[in-house]
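Visitor: I would like a brisk tour of this model. Please take my questions one at a time.

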Amino acid sequence: MEKDINKNQGKNQANNKNQDGYLKIGGSGGFNFYWIYIILAITLFGIYFMSGNELSRKISYSDFQTMAKNGYFEKINLNKKQGLVSAPLNTAPIEESFSAIKSAYEKAKSEGKQYLVESIVPSADKFSEDIDSWRSEEDSKFNSEVSYESGSSNWELLINFGSPFIILLLFWFIFFRKMAGGPGGGIFSVGRSRAQVYEKDNRVNVNFADVAGLSEAKQEVQEIVEFLKNPQKYTHIGGKIPKGALLVGPPGTGKTLLAKAVAGEADVPFFSMSGSDFVEMFVGVGASRVRDLFRQAKEKAPCIIFIDEIDAVGRARGKAAMSGGNDERENTLNQLLTEMDGFGTNSGVIILAATNRAEILDKALLRAGRFDRQIHVDLPELNDRVEIFKVHLKPLKLAEDMDVTRLARQTPGFSGADIANVCNEAALIAARNGKEKIDMHDFNAAVDRIIGGLEKKSKVMTKEEKHSIAVHEAGHATISWNLQYASPLVKVTIVPRGRALGAAWYMPEERQITTKEQMLDELCSLLGGRAAEELFLGHISSGAANDLERVTKQVYAMVVYYGMSKRLPNICYYDSTGQEFGFTKPYSDETAKLIDEEINAIISEQYARAKKILIEYASGHNSLTNVLEEREVIFTEDVQNIFGPRKWASRSEELLDTDTAAVEDNGVENDNTSNNN
C-alpha cells in the first residue's frame with residue numbers, strides 16, 4: 001500500500017512539471033517561477049526610471065547667483081562631497097535673459113516634471129558666505145531654504161549605476177536558462193539525440209493488421225519482432241540475431257508504415273528518427289547525436305532504432321566532395337558505421353532504416369553485419385491492392401454496388417499512398433455533389449482527377465482545334481484496338497484536363513518482363529496520333545509532344561539498355577550500381593552515331609506501320625472521330641461497335657468485366673494516361 005502511495009506521489013509530481021521540466025506549484029493551474037523573473041524585471045525598471053520625472057540643466061555659478069538673488073528658487077540643496085548645488089525652479093516669473101531656461105522650465109511643467117538648475121560651487125564655505133551676502137543685500141529677493149548633504153547613499157549609487165548591470169545580468173540568466181532547457185534541449189544540448197521514444201506508456205496505435213498487402217515484407221519485419229521477443233528460439237542452435245534491416249522501395253509503398261507496425265507490435269522501446277535530424281550546421285553535432293542515440297538504445301536494450309530517409313546521412317562518401325556541410329555529413333556517417341559494427345557491442349539493438357534511393361547509399365553501410373537484410377517494398381500487385389482498398393474503404397460510406405476487385409484492377413501501378421488519395425478524393429467528390437454515399441462514378445472521377453487533373457470545360461477551343469484533337473485521339477484508339485500487344489482501350493476524352501487537351505486511358509497488363517514485340521506495338525500506338533494528323537488533316541501539330549517524348553525514351557532504352565536493335569544486339573550500357581559513368585560516355589563517337597541511326601530507324605519503321613494501319617481502317621477512324629467530336633468522351637463499347645470485337649484477348653481484358661455497368665458508371669479509368677496533347 002505504501003509503495004502505491006509513493007508511486008502516485010511520484011506521478012503527481014511529474015504531472016506538476018511544465019513542458020520545460022520545472023516544477024509548478026499548485027498543479028496545472030499553479031504558479032510558474034517565470035513570474036518571479038517578470039516581477040523582478042518590472043521592479044528594477046520602475047526603480048531605475050522613477051528618477052526620470054526630473055529634468056536638470058547645468059549653468060555657471062554666476063548665473064546661479066543671479067537667479068538665486070531674484071528669488072527663482074524655493075529651496076537649494078548642496079552636495080558637499082560632489083560640490084554640486086541644485087535647486088528646483090518655482091513659479092516666479094523668469095527674466096528674458098534666461099529665455100532658454102524659461103522655455104525648458106515651461107515644457108517640463110507641461111509634462112508634469114520638475115526642472116532643476118545645477119551648478120558647481122567653488123567650495124562649501126564660499127557657498128555659505130554667498131548665501132549670507134544674498135540675505136543681507138537690500139534689493140535681494142532671496143528667501144530660499146538651504147539644505148546640506150554629505151554625499152549620495154549606497155542605495156542611490158546602486159540604483160543609478162548598478163540597475164543597468166542588474167537588468168543585463170537578469171536577462172542573460174533567463175536567456176541562457178531557456179537555451180539550456182526546454183523540449184528541444186537548447187543550444188547547450190544540441191548534440192543530444194532527437195529521436196522519439198515509444199514505450200509502453202506511449203505506444204504507436206498501428207500494428208500489422210493495419211498494413212494491407214506487402215505479405216513478404218511483413219513476414220520479414222515480423223521475424224524482427226520475434227527475434228526481440230523470443231531470442232532463445234534462434235540463438236540456442238548458434239544463430240545470431242540480425243543487426244539491421246533496410247526497407248527499400250518507391251515512395252508511398254508503406255515503408256514508414258511497416259516501421260510503425262513494428263513499433264506497435266514489439267513490446268520493446270522503439271526509437272524513431274529521420275536521417276535529416278542528424279545533419280546540423282554545427283561541426284560535430286551529427287556524430288554527437290549518433291553517439292547519444294546508441295547510448296540511449298544500449299541502456300534500454302533490447303530495443304529497435306528506426307532511421308527514416310537514411311539517404312540524407314548515408315550517401316556514398318567521396319562524391320561531389322566539398323568543404324562544410326559535406327564533411328560534416330561524412331563525419332556523421334563514419335560515426336554511424338562505427339556504432340553499428342564497431343569494437344563495442346550492440347547486443348539487443350536492431351536498426352531499421354527506410355529509403356527509396358538505395359543506389360546512392362555508401363557500400364560500407366549496406367554490407368552484412370550492419371544491414372544484414374534488404375527488404376524490398378515494391379508497388380502492390382492486384383491482390384495487394386484489393387487488401388489496401390479494403391483498409392482505406394472501411395471509414396467511408398459506400399454504395400451497395402461497390403466492387404473492390406474492380407477498383408484494384410483499374411489502378412495498376414498505384415502505390416498505397418495513391419490508393420489512399422483515390423479513396424479520399426472520391427469521398428470529397430461525393431460530398432461536393434451532395435451524395436450520402438460514395439459510388440463507382442465518384443471513384444472513376446477521382447482517378448481522372450488525380451491522373452489528368454481537373455476538367456477544364458471552360459477552356460475555349462475553336463472548331464478546328466477540337467477536330468484536330470479528336471483526329472489525334474481517334475488515331476491512338478484505332479491502332480491500339482487493332483494491335484495484338486497494345487494495351488486495351490478503356491476511355492478516350494477530348495475534354496481538357498490539367499495541361500492536356502485530350503487523353504486516352506488504357507488497361508496495361510501487369511507484366512514481369514516485356515518482349516520486343518510488345519514494345520514495338522506500344523510504340524506504334526503512341527505514334528498513332530501524329531500519324532493520324534498527317535494522314536487526315538494534312539499537317540502536324542504540337543499536340544504529340546508527350547507522345548514523341550515517351551517514344552524517344554522507350555526506343556533509346558531498347559537500343560542502349562535492352563540490346564534490342566539489329567546492329568547493336570546484346571549490348572547494355574546501363575550501370576545498375578548507380579555509380580554512372582561520370583562525364584564520359586561508355587561508348588565511342590562511332591557507336592553514338594550508330595545508336596542514333598538505330599533509334600531513327602525503329603521510330604521511322606513504327607511510324608510507317610502506324611500510317612499503314614490507319615489507312616486500312618480509315619472509315620472506322622473517321623466514325624470514331626465523329627463520335628468523339630459529338631460526345632467528347634467514348635468508352636470501350638463505342639470502339640467495339642465501330643471496329644468489332646478485338647481479335648486478341650489479353651489477360652487484362654479477361655480480368656475486366658466489360659459487360660457490366662461500366663458505361664453507366666462513366667467507364668473505367670486507369671492511371672496509365674497514354675496520350676497528353
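Predicted model: local features only at pLDDT ≥ 70, side-chain atom pairs only at ≥ 80, totals over all residues.

Visitor: In what order do the 3 strands of the open sheet stand?
Guide: Strands are DSSP runs of E with at least two residues, helices runs of H or I with at least four, numbered from the N terminus. Two strands pair if DSSP finds at least two bridges between them. The pairing here is antiparallel, and the order is β13-β12-β14.

Visitor: Which strands stand at the edges of the sheet?
Guide: An edge strand has a single partner, so one side of it is left without a neighbour in the sheet. That holds for β13 (503–506) and β14 (633–635).

Visitor: By how many degrees are neighbouring strands of this sheet turned against each other on average?
Guide: Axes are lines fitted to C-alpha atoms, for helices over the stretch in contact; angles run from 0 to 180 degrees between N-to-C directions. For the strands of this sheet, direction is ignored, and the average is 10 degrees.

Visitor: Which helix packs on the sheet?
Guide: Contact means heavy atoms within 4.5 Å. The helix touches β12 and β14, and its direction makes about 70 degrees with that of β14. It is α24 (residues 636–643).

Visitor: How many bridges join β12 to β13?
Guide: Strand β12 covers residues 489–493 and runs antiparallel to β13. T493 stands opposite A503, and V492 stands opposite A504. The number of bridges is 4.

Visitor: Are the residues on both faces of β13 buried or exposed?
Guide: Buried means under 20% relative accessible area, exposed over 50%, partly exposed in between (1.4 Å probe, protein chains only). A503 and W505 lie on one side, A504 and Y506 on the other. Both faces are covered, and these four are all buried.

Visitor: How many disulfides does the structure hold?
Guide: A disulfide is a pair of cysteine sulfur atoms within 2.5 Å. C423 is buried at 2% relative accessible area, and C524 is buried at 0%. The count of disulfides is 0.

Visitor: Why is the pair of Y556 and Y561 edge-to-face?
Guide: Rings of Phe, Tyr and Trp (its six-membered ring) pair if their centres lie within 6.5 Å; planes under 30 degrees apart count as stacked, over 60 as edge-to-face and the rest as tilted. The centres of Y556 and Y561 are 5.9 Å apart. Their planes stand at 85 degrees, so the pair is edge-to-face.

Visitor: How many residues apart in sequence are the parts that Y573 and Y587 tie together?
Guide: This pair is edge-to-face, 4.9 Å centre to centre, with 65 degrees between the planes. Y573 is buried at 18%, and Y587 at 16%. Both lie in the loop between α21 (545–560) and α22, so the separation of the parts is 14 residues.

Notes
Residues numbered from 1 in each chain as written. Heavy atoms only, no water.
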